[in-house]
Amino acid sequence: MAAVATKTPVTVAYGDGIGPEIMDATLRILDAAGARLDIERIEIGESVYNRGLQSGIEPSSWEALRRTKVFLKAPITTPQGGGFKSLNVTVRKTLGMYANVRPCASLHPYVATKNPNMDLVIVRENEEDVYGGIEHRQTQDVVQCLKLISRPGSERVIRYAFEYARAHASKKVTCFTKDNIMKQTDGLFHETFDEIAKQYSEIENEHWIVDIGAAKMVDTPEAFDVLVMPNLYGDVLSDVAAQMTGSVGLAGSANIGDHCSMFEAIHGSAPRRAGQNLANPSGLFHGALLMLSHIGQGDVAESAHNAWLRTIEDGVHTYDIFEEGVSKQKVGTREFAAAVVARLGQEPQHLKAARYAKQAEMHLALRPERTRSHKERVGIDVFIDAPGAHPDTHAAQIRRLPINGAKLTVIANRGTKVWPHGDPDTFWSDHWSCRFECDSESFSGKDAMQIVGALDAAGFDVVKTEGLFTFDGARAFSLAQGQ
Ligand code: NAD
């Protein structure tokens, strides 16, 4: 008797809007291609939100995700307002899905694109950066959002990008940051990239400042292979890249974590197209291909992918990519899936055939923790809410206060120095940062608090403080513009 191949447990959610239709189509192709899946279905999205659960997911569903560790998810509709949380962000962050992987390849000349030779993969950091959504309004006129970047968070996603490149025989990994401005946060991401890159000597590596890098990606996407970047840049640029291939409706993505990984289309639930057998299932189908590769069924992914390429090549297109003169047959969701199933076993004749090498084991363990640096407190930035006053007046008042162990060295407004010797043309908001740097042997947390207390007692409205530190003697805080 032939051995029965073991099925991989997978959690599946059909989602909202066009979700159920594109999930049906996707699973139909996977099934016909011989995918070995043991599917457990959960409910997420609108119906769950409507039951009053602000997260959009039932507590019991977490158990299924933790057990199967693999989640194929159709798009959902997030209700507007009302304190409802984005389910995607909740699932990604709760289950530690640190890398978002989005391949973007054009299908020229079968899908209209201005970028016929594009074939790149964006690996986006998925948990950190400004996506903590830690925001505070501090004065009448100024709000802030905290950007947090960690060394292990950066290392995990960067290491994943190099391992992905190695597994897919990619020649180059490119990092985008803005570390000419954000020398601490983006600087850490870039520094970590340089350190990890040294361990992959066979893979070329390069770094671009994100603005000119993005311009180059849009102009000459064929210059890139695998790209890795912090969350916000990756969020924006992965949509740009998907659109450059001709349609955001074609791209899928993987959210990779140590404990659970989630696979999906990049588009939303397109409620206006729901229930009409119109939607293109290709985005979710591509998410499912990434899933098959992830669970070691690259053979099935290869066969399904090549049948899909052949279908596109044969001009069998859904409405969103249909073009007179290029497309041959306009089909609905179900008919598209049937066309792919009918081509299983075939390969594209002109487009490059998909090849899924047996997934090499990825080495994703983090480096052992480095010896902890020697950290020293050297001052404090105290932010005050003060409408209408002149910085010289603030400085004069502050310098009269009884402050021990530190002196006022600079006042900045939104990062630009305004005292001493401020420029009369600099605009001032009501949000001032007063920097106190120690002028004695030691400066403690208690000394920092004494400064805050003295300012408060003098009537200053203190809205925030930041400690100033050195690590192994190196300054670990930014200077104000003009300082
Ligand atoms: P959308 O991606 O749903 O739709 C944008 C446009 O693309 C629409 O014109 C739509 O008809 C078209 N489109 C999208 N997918 C298509 C497909 N497969 N085939 C053909 N056409 C397609 O974006 P939206 O309208 O801004 O959002 C709708 C809902 O989806 C919102 O509630 C939003 O919160 C949610 N959303 C969910 C996810 C997710 O679950 N991952 C992602 C993005 C948006």
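Reply: An oxygen atom of the ligand lies 3.1 Å from a polar backbone atom of T78, a polar contact being a pair of N or O atoms within 3.5 Å. On its own the ligand has 810 Å² of accessible area, of which the protein covers 67% (areas from the Shrake-Rupley method with a 1.4 Å probe).

This is a predicted model, in which local features need pLDDT of at least 70 and side-chain atom pairs count only at pLDDT 80 or more, whereas totals for chains, interfaces and linings use all residues. Residues are numbered from 1 along each chain as its sequence is written, and side-chain values use heavy atoms, with hydrogens and water left out.

In total, 18 residues surround the ligand, each with a heavy atom within 4 Å of it, and the closest are I76, G268, A270, N280 and Y319. By type, this shell holds 7 nonpolar, 7 polar and 4 charged residues, with Gly counted among the polar ones and Tyr among the nonpolar.

Turning to the wider chain, an automatic or database assignment gives domain 1 (1-97 + 252-359), domain 2 (119-244) and domain 3 (375-475). The C-alpha centres of domain 1 and domain 2 are 26 Å apart, and their contact (heavy atoms within 4.5 Å) takes 9 residues from domain 1 and 10 residues from domain 2.

The largest nonpolar core has 72 residues, of which L72 and V228 touch the most other members; such a core is a set of buried nonpolar residues (under 20% relative accessible area) joined through side-chain atoms within 4.5 Å. Because domain 1 and domain 2 both give residues to this core, it lies between them. Apart from this core lies another, of 23 residues, including I451, V452, L455 and F460.

Note on methods. Polar contact = N/O pair within 3.5 Å; in protein donor to acceptor, adjacent residues only side chain to side chain. Buried < 20%, exposed > 50% of the residue type's maximum accessible area, 1.4 Å probe, protein only.
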